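Have the sequence and the 3D view ready as you read.

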Amino acid sequence: LAVIPLHAFAAERIEEAKASTQHRAISFSLEGDSSLTVIMEPSALKDVVRGLIRNAVENTPDEGMIHVTFVKKEHKAFLKIQDSGVGITEENKARIFEGLFHTKETDLYGSRNPYDFSAGGKGMDLLLAKIYGQRFGFDVLLESRRCIHIPADKDSCPGRISLCPHCRDVRDCAAAGGSAFVVVIPVATTIKGGML
């Protein structure tokens with residue numbers, strides 16, 4: 001376990017994502033208290049947040065935005081990765097953390113390259129988040145609303161906001177749907193009997 005300053009940690013994950021998304025037109029923002037720290041296994045938290053950011057990018061059309069925010073409430077830190085993406089249907093929300101679960105038909109995926117829009121995957125990042133959460137004592141919550149313009153899994157987004165007949169800009173797209181995964185981490189004040 002280690003003390004992790006969330007602002008620096010999240011900024012590093014965003015920079016990693018930017019390096020992998022140079023072929024995409026995605027914007028990132030980071031907001032939160034720069035003094036907030038958590039005690040966590042660094043590699044586990046890194047894998048989880050990296051996977052959630054990749055998931056957000058793969059579900060957000062070009063010209064979209066990924067917001068990473070964190071805040072402390074009572075004795076917990078809430079690290080949120082929010083996208084202006086296509087969102088998840090009600091039927092799929094209950095199964096999203098199962099792993100080996102596709103939210104749409106495999107043959108409808110646009111590519112299989114990580115960070116591409118609609119890249120698809122087997123849900124392993126979300127299953128890993130669940131397993132790490134159980135192992136290291138944090139929760140991963142989902143807030144999602146399927147885009148009102150493409151309500152079913154078989155419906156598709158054009159992959160770029162300016163190509164969407166329903167949206168003029170990122171605000172319209174974000175208002176139509178999107179997802180947020182929230183990592184809820186207990187903020188400990190002691191470690192192995194000693195005060196921090």
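Is Arg13 buried or exposed? At 3% relative accessibility, Arg13 counts as buried; that term means under 20% relative accessible area, while exposed means over 50% and partly exposed lies in between (1.4 Å probe, protein chains only).

Before going further, a word on the ground rules. This is a predicted model, in which local features need pLDDT of at least 70 and side-chain atom pairs count only at pLDDT 80 or more, while totals for chains, interfaces and linings use all residues. Residues are numbered from 1 along each chain as its sequence is written, and side-chain values use heavy atoms, with hydrogens and water left out.

Now back to Arg13, whose side chain meets that of Glu12 in a salt bridge at 3.4 Å, N to O. A salt bridge here is a side-chain nitrogen of Lys or Arg within 4 Å of a carboxyl oxygen of Asp or Glu. Glu12 is partly exposed, with a relative accessible area of 46%. Both residues belong to a network of salt bridges that links Glu12, Arg13, Glu16, Asp47 and Arg50. Arg13 also lies over the face of Phe9, at 4.8 Å from the ring centre; for this, NZ of Lys or CZ of Arg must be within 6 Å of the ring centre and within 35 degrees of the ring normal.

The whole structure holds 14 salt bridges. One of them joins Arg24 to Asp62, with the closest N and O atoms 2.5 Å apart. Arg24 lies in the loop between helix H1 (6-20) and strand S2 (27-32), and Asp62 in the loop between helix H2 (42-58) and strand S4 (65-73), so the pair ties together parts that are 38 residues apart in sequence. Helices (H or I, at least four residues) and strands (E, at least two) are DSSP runs, numbered from the N terminus. Arg24 and Asp62 are both buried.

What about the rings? A search of the whole structure finds one aromatic pair. Tyr132 and Phe136 form this tilted pair, 5.9 Å centre to centre with 50° between the planes. Rings of Phe, Tyr and Trp (its six-membered ring) pair if their centres lie within 6.5 Å; planes under 30 degrees apart count as stacked, over 60 as edge-to-face and the rest as tilted. Both residues lie in helix H4 (residues 124-136), four residues apart, about one turn of the helix. Phe136 counts as partly exposed, at 24% relative accessibility, and Arg135 lies over its face, at 4.7 Å from the ring centre.
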